[in-house]
Amino acid sequence: MPRNKIPRKSTNIDMTAMCDVAFLLLSFFILATKTKPPEAIKVTTPSSVSSEVASDKAIVITMSPDGKVFLLFGDDSKKRTIFTDINKYKSLGLSDAEIAKWSATSYVGLPFNQIKGSLALSQPITAAQMGGIPVKDSMNNELTDWVASIVRVYQGEKLSLLVKGDNNAKYPVFSNILDALKKNDQNKFKLITSKEEIPAESELYKSRGK
Amino acid sequence: MAEMDTSSGGGHKKGPGVKKAKKQSTRVDLTPMVDLGFLLLTFFVFTTTMSQPSAMPINEPKEDKEHPTKVKNSAATTILLGKNNEVFYYFGELTDPSSQFKSSNYKGIRDIILERKRTVSPDDIVFIVKLNDDATFKNFVDIFDEMTINAIPAGHFARAPIAETDKQLIQKAEEASGLSN
């Protein structure tokens, strides 16, 4: 019996469509990802197993490796109101124009008594030159005033306070930050950490697996 | 799609002396291009998801000086964090430092927490974390993360200010292991 000949087909596949898809996806992902804003303060955060995603529209208290404390505003809309409020309560003596100039900066890292002077400078000072917000002892913890002002401004609204710290920041600085938050009844807050895998065979791993 | 119509569009006939140009295929092999596309794609997808920071919730207890939280002596474990990632711990109240005060590290503390969890009733179990002035922020995150990993319910572990006696014991232990400077 004569066998039916299977017609030989070319194994060449037209790759054009595949190529189109690959580059379409590529361009989509490149355009869709947000570029990270350059960080003024270099901080390497510790890692935790938490799976919650940190909001970027938050007020972040940042601890640099050398123990300086900065206040970063992820939410620009309230920044000016906070600055006006702190100007009033701490009588910094800033004019409206000076507050406007101050609002252009994205972070605060100076004690109250140096703010007016820093705004008069033609060249803005860098984060490395700043001494940070004083938190040294409980009597002179300026962060307490800052948190108080933030709480006042955010009254009735959802306030998300984050604390971000470097691996090598010393504990007393962190303890002082916690004191400042607790004095304003901010007992719930979040720490910014990088992600870490849950260790296998741990209790948390087992409970998640169920 | 990648082909182009190269046939001369009908009608126009060439004379017998005119040589016909050899037709070459305009097909390009796009396989390497596809490879490159997907390689870049995977690279971008991986790097973007990795850099997302996570948020670790912390609930500090409200300060209430009139009603201090009572802890059962037998159910309490105090964890002390010193410099150079040193961890010390003791169970209950410290009455006999030489036998109770023990040294550990961040790997070993997990077994101690689990051991404690097995032997102490879950309603009473309390971990008190005290950090020395030399401890870093990483140490704090690590030990609180360890509580989450071992599924210690919230409210059963807390940060407490370090006592002078604890400090002295840490210093003594550090001196013994040659870490004091």
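Student: Is B:Ala151 buried, partly exposed or exposed, and how many other C-beta atoms lie within 10 Å?

Tutor: Keep in mind that this is a predicted model. The count of neighbouring C-beta atoms decides the matter, with 20 or more taken as buried and 12 or fewer as exposed. B:Ala151 has 16 other C-beta atoms within 10 Å, and it is therefore partly exposed. B:Ala151 also has a positive phi of about 55° although it is not a glycine, and its place is in the loop between helix H4 (137-149) and strand E6 (157-160) of chain B.

Student: Which loop of chain B holds B:Asn85, and what is its phi?

Tutor: B:Asn85 is found in the loop that lies between strand E2 (76-81) and strand E3 (87-91) of chain B. Its phi is positive, at about 55°, although the residue is not a glycine. With 14 other C-beta atoms within 10 Å, B:Asn85 is partly exposed.

Student: Turning to a helix, which residues of H5(A) are buried, and where do they fall when seen down the axis?

Tutor: The general idea is that an α-helix has 3.6 residues a turn, so residues three or four places apart point the same way. In H5(A), the buried residues are A:Glu142, A:Leu143, A:Trp146, A:Val147, A:Ser149 and A:Ile150. Seen down the axis of H5(A), these buried residues fall within an arc of 160°, so they line one face of the helix. Helix H5 of chain A, residues 142-153, has twelve residues and reaches 17 Å from its first C-alpha to its last, close to the 16 Å expected at 1.5 Å a residue. Among the elements that cover its buried residues are strand E2 (59-63), helix H4 (112-120) and helix H6 (171-183) of chain A.

Student: How many residues of chain A are in contact with chain B, and which element gives the most?

Tutor: The size of an interface is often given as the accessible area lost when the parts come together. Here the description is by contacts instead, and 49 residues of chain A are in contact with 38 residues of chain B. H1(A) gives the most to the side of chain A that touches chain B, with nine residues, and the residues of that side divide into 26 nonpolar, 14 polar and nine charged.

Student: Which strand of chain B is joined to E6(A), and how do the two run?

Tutor: Six bridges join E6(A) to strand E1 (residues 54-59) of chain B, and the two strands run antiparallel. Across this pairing, A:Leu191 stands opposite B:Met56 in E1(B).

Conventions:
Residues numbered from 1 in each chain as written. Chains lettered and ligands numbered in written order. Predicted model: local features only at pLDDT ≥ 70, side-chain atom pairs only at ≥ 80, totals over all residues. Helix = DSSP H or I, 4+ residues; strand = E, 2+ residues; numbered from the N terminus. Expected span 1.5 Å × (residues − 1). Arc of directions from axis to C-beta. Contact = placed C-beta atoms within 7 Å. Nonpolar A, V, L, I, M, F, W, Y, C, P; charged D, E, K, R; others polar. Pairing = 2+ DSSP bridges.
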